[in-house]
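Please look over the sequence and the structure first, and then read on.

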Amino acid sequence: MMSPLEKALKEGKFAVTSEVGPPKGTDIEEMMKEARELIDKVVGINVTDIQASVMRISGLATCIKLQLEGLEPIFQMTCRDRNRLALQADLLGASIFGIRNLLCLTGDHTLLGDHKEAKPVFELDSVTLLKTASILESGKDLAGNELQGSPSFFKGAVVAPASEPVEPQIFKMEKKIEAGAQFFQTQAVYDPGQFETFMKQVEGFGVPVLMGIVLLKNAGMAKFMNANVAGVFVPDELIKEMASVDKKDRKKKSVEIAARLVRQMKSMCQGVHIMPLGWGDVVPEVIDAAELA
Amino acid sequence: MIVAEQKPFLEVFEFVKPYNKVLVLGCGTCVTVCSAGGQKEVDTLTSALVMKSEDEGLKQEFLQDTIERQCDREFIEPLVEQANACDAVISMACGAGVQLLAEMIDSSVRVFPALNTKFIGYTREQGVWMENCRGCGDCVLHLTYGICPVSRCSKGLMNGPCGGYSREGKCEVDSEVDCGWILIFNKLKKLGKLDELKKIMEPKDWSLASTGMPGKVERKDLQLIEDDA
């Protein structure tokens, strides 16, 4: 049985996904509220995995919570914290709850987060994690043992079109497809011309790509991303545009920019992944303004 | 070589403060090269200990010596007697040397490490030593044309790069650290061998590496056989 995300992509519909970030603590009320508001507008909701190496509720627990409420989680798995035993165990664990959507990432280094003394694992990487999921689906584990019941996933990965150089990204994208990637969500893209060039290079791979959008909160955030976030580049015009409005109008401008970017790039790809970073309340507005509903 | 760094002086002084007769023992191999625990460093440390000890009004006696290396019995043997006559020994060797020394002398003689052993590496330039080997036990340098993905990639990825490299080809962890995988990528591109990177590299077999039980390398052909008398 296909997940709504897989079904949408197979049917050639422009798939819209968004995401929630589990909180640092057990109070999930706000996160659940956000997810419930999103679900009518999207076919899948990513759950980030200890994003930025800042300790939070586990992605698997959060995905189970969402799944039990029919909120279509996309299980993001990084390789930073778990060895091949734990990763396989969590893949099987996700499967018994009917979680189908999977996004395999390498993960931010522990040195970037709030527990810098932690021991990083990185035993697998995004490519071998995808391969591991594929192997489990075939009825065996990584050691070649037969499984008592095998999982079935819709497997995805990430690519960053604005990376410089971008060639290594495209190389790795091919490897991820070989390892079993069936869809891609991109890191945030803000330059339609550059995205078009990128998509021309990868459309031949035949795997659907969902363009990533991170809602710009202010000019400072855009500048910060340019300086500190790899694979993301916000052009000067957009920074100026964000800076041109008063504080009270920033959210409105952010939605306007996001919607415009989606309209400009939607013909080049198969969907959009909206990362609200706290502004989940305006995601429905972005979707409407981008004429995706 | 093994690269190590000195522990803060006061920390080492506190180790030996309760002991009357202390031997400061250096190592003439790796830690001499990285200026952490060789003859020169033994001299400096011993002088500092003597001064601090006098300053604190303690009646300590400090001896010093440096041997070829502390990871082979033959070099420790000759000074076992002298060491056993002391109350404590400060070993300026890497962890391997500190332990063999501790094994070979009386357990009543305390052995203290003067260094923090950091990594296997090389001298990049005078005064700078860089890690480039993690003793993973299953070398892949032939596949990456001489650039180690385990030690030069901060995450030790077998299929890098991750999405964290900067425009300058630096690692997300530190803008001064090269992204190991971009180095590999660029080298293979230059050599026209990029296609070789398309092959998925399997996860490492960590049972071969130093992260498992204490490693052992055996050469039966080199071992001494007892005579059948």
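Axes here are lines fitted to C-alpha atoms, for helices over the stretch in contact, and angles between N-to-C directions run from 0 to 180 degrees. Helices (H or I, at least four residues) and strands (E, at least two) are DSSP runs numbered from the N terminus. The model is predicted, so that local features need pLDDT of at least 70 and side-chain atom pairs count only at pLDDT 80 or more, while totals for chains, interfaces and linings use all residues. Residues are numbered from 1 along each chain as its sequence is written, and chains are lettered from A and ligands numbered from 1 in the order in which they are written.

**Helix pairs in chain A**

Two packed helices are described by the angle between their axes and the distance between the axes.

| Pair in chain A | Angle | Axis distance |
|---|---|---|
| Helix 5 (residues 126-137) and helix 6 (residues 167-179) | about 15 degrees | 8 Å |
| Helix 4 (residues 84-96) and helix 5 | about 55 degrees | 11 Å |
| Helix 8 (residues 219-228) and helix 9 (residues 236-243) | roughly 155 degrees | within 8 Å |

Angles under 35 degrees count as roughly parallel, over 145 as roughly antiparallel, 65 to 115 as roughly perpendicular, and the rest as oblique. Helix 8 of chain A is therefore roughly antiparallel to helix 9 of chain A. Their contact, where two residues count as being in contact if their C-beta atoms, placed from the backbone, lie within 7 Å, is made by A:Ala219, A:Ala222 and A:Lys223 of helix 8 and by A:Leu238, A:Ile239, A:Met242 and A:Ala243 of helix 9. By class it has six nonpolar, no polar and one charged residues, where Ala, Val, Leu, Ile, Met, Phe, Trp, Tyr, Cys and Pro count as nonpolar, Asp, Glu, Lys and Arg as charged, and the others, Gly among them, as polar.

Helix 5 of chain A and helix 6 of chain A are, by their angle, roughly parallel to each other. The residues that make this contact include A:Leu130 and A:Ser134 of helix 5 and A:Lys172 and A:Lys176 of helix 6, and the contact has three nonpolar, two polar and four charged residues.

Helix 4 of chain A, by contrast in topic, is oblique to helix 5 of chain A. Among the residues in this contact are A:Leu87 and A:Leu91 of helix 4 and A:Leu129 and A:Leu136 of helix 5, and by class there are six nonpolar, two polar and one charged residues.

**Buried residues and the two chains**

A residue is buried if 20 or more other C-beta atoms lie within 10 Å of its own, exposed if 12 or fewer, and partly exposed in between, with C-beta atoms placed from the backbone. In helix 3 (residues 59-68) of chain A the buried residues are A:Gly59, A:Leu60, A:Thr62, A:Cys63, A:Ile64 and A:Leu66, and these pack against helix 2 (29-38), strand 2 (44-47), strand 3 (73-77) and helix 4 of chain A. After helix 3 of chain A comes A:Gly70, with a positive phi near 70 degrees.

In helix 8 (residues 180-190) of chain B, the buried residues include B:Trp181, B:Ile184 and B:Phe185, and their cover includes helix 6 of chain A together with helix 7 (149-152) and strand 9 (174-178) of chain B. Between the chains, 22 residues of chain B are in contact with 27 residues of chain A, and those of chain B divide into 11 nonpolar, six polar and five charged.
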